Amino acid sequence: MDDRTQQLALGDEFSPDKLRLARCASGWSLADIGDLLGVTRQYAHKLEVNGFPSAVQLEMLSTALGVTQEFFFAPRRSSVELEQCHFRSVRASTVTVKKSIAAQVELFELLIDELDKEVAFPDISFRTHDEPVTSVDTIEHIAERFRREQSLGLGPLSNVTRLVEKIGVLVVNIAEADDRIDAFSLHNKRPLIVRNTAKQNPCRQRFDIAHELGHLVMHQGVETGCRHTEDQANQFASALLMPRASFAGEFPAMRGRYLNWQALGELKLRWKVSFKALIYRAQALDLISQEQAKSGFTYLNRKGFTRREDLDDQIEMESPRLVQRALDLLDHASWRKALKACGLTREMVESRFMLTPPESPLRLV
């Protein structure tokens, strides 16, 4: 579209694929589009096949879906398919929900493509495990190798989000994502970990990031989502966050038949993991018996520690910084150029991806 005349340039073609992408990302159905435009669902479907909206309809679609009108006249570069995504939740999350989140990530990648032209993101500096994962002991060795290659030592990780960003993984928050999606990851042009900001628990957040890192390290080219691959990613997260060589020596001895909860509280604050994660890890390393672990879980449930636990408020919530730092490096002209090229609106970048774009110099006066 010509900036001066606001008319479509000769040769521009409406892309039905881009309309479908924007609709899915917004979580809208074809019936919703029909209601917006005052047309039938069948007509809305036609627009996503081979139709062409009027100028008024185009403006309505652009405003409602949070993209520019130019967005609909650029070809779809690449799609994010569900088979590429390692979804964190194994509960009943519908295909529609997953498609909506995947579409949002595809929009985010459009922004990253443009930022990549202006800013040098960190190189991808972690090694994947390309052989089949055959045992729990194999996962322990993979996590230990990762720590060794990243020079992490055997102590607690101070900030897991910062760690994955340092090795070239982009972490993105998606606001108001469906509660049935905890987090997921994919490796398309660059590895991404996507978090649902509705889950406000610092220990769960750290474990989610470590879990997704496990998928990125162990499951390239492997379709995940089954209980087997989810358990493997959980085992990697446990081994990464609580390495057996040091954790085993710190886990407190039992007080008779009971766990030492005061000492476990100190351990939780040191390693920044939940009580449940501590107990699971201790059982996996044979530091406590299955019966003792079951007793510990019963105690936690009786105390109501399902979503939140004691001492959670003393552990900092981690936030991704890498993409925001990239935006902070841009001057306003470069930002406007990148925004126009990806076809997103400033409002979408702020509300959907929880980023703060550069301000116009005139706005600061």
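This is a predicted model: local features need pLDDT of at least 70, side-chain atom pairs count only at pLDDT 80 or more; totals for chains, interfaces and linings use all residues.
Begin by selecting F52, which sits in the loop that runs between α3 (41–47) and α4 (55–65). With a relative accessibility of 48%, F52 counts as partly exposed, because that class lies between the 20% and 50% cut-offs.

Next, select residues 136–149 and 227–241, which are helices α6 and α9; they pack at an angle of about 45°, with their axes 9 Å apart. That angle makes α6 oblique to α9, and the crossing of the two helices is right-handed. To see the contact itself, show the side of α6 formed by V136, I139, E140, I142, A143, F146 and R147, which meet Q232, Q235, F236, A239, L240 and L241 in α9. The residues of this contact divide into nine nonpolar, two polar and two charged.

Finally, move to residues 261–271 and 275–284, helices α11 and α12, whose axes are 10 Å apart and which pack at an angle of about 100°. The two helices, α11 and α12, are therefore roughly perpendicular to each other. In α11, pick out W261, L264, G265, L267 and K268, and in α12 the residues they meet, F275, L278 and I279. Here the contact residues of α11 and α12 comprise six nonpolar, one polar and one charged.

Terms used. Residues are numbered from 1 along each chain as its sequence is written. Side-chain values use heavy atoms; hydrogens and water are left out. Helices (H or I, at least four residues) and strands (E, at least two) are DSSP runs, numbered from the N terminus. Buried means under 20% relative accessible area, exposed over 50%, partly exposed in between (1.4 Å probe, protein chains only). Axes are lines fitted to C-alpha atoms, for helices over the stretch in contact, and angles run from 0 to 180 degrees between N-to-C directions. Angles under 35 degrees count as roughly parallel, over 145 as roughly antiparallel, 65 to 115 as roughly perpendicular and the rest as oblique. A crossing is left-handed if the near helix is turned anticlockwise from the far one by less than a right angle, and right-handed if clockwise. Contact means heavy atoms within 4.5 Å. Ala, Val, Leu, Ile, Met, Phe, Trp, Tyr, Cys and Pro count as nonpolar, Asp, Glu, Lys and Arg as charged, and the others, Gly among them, as polar.
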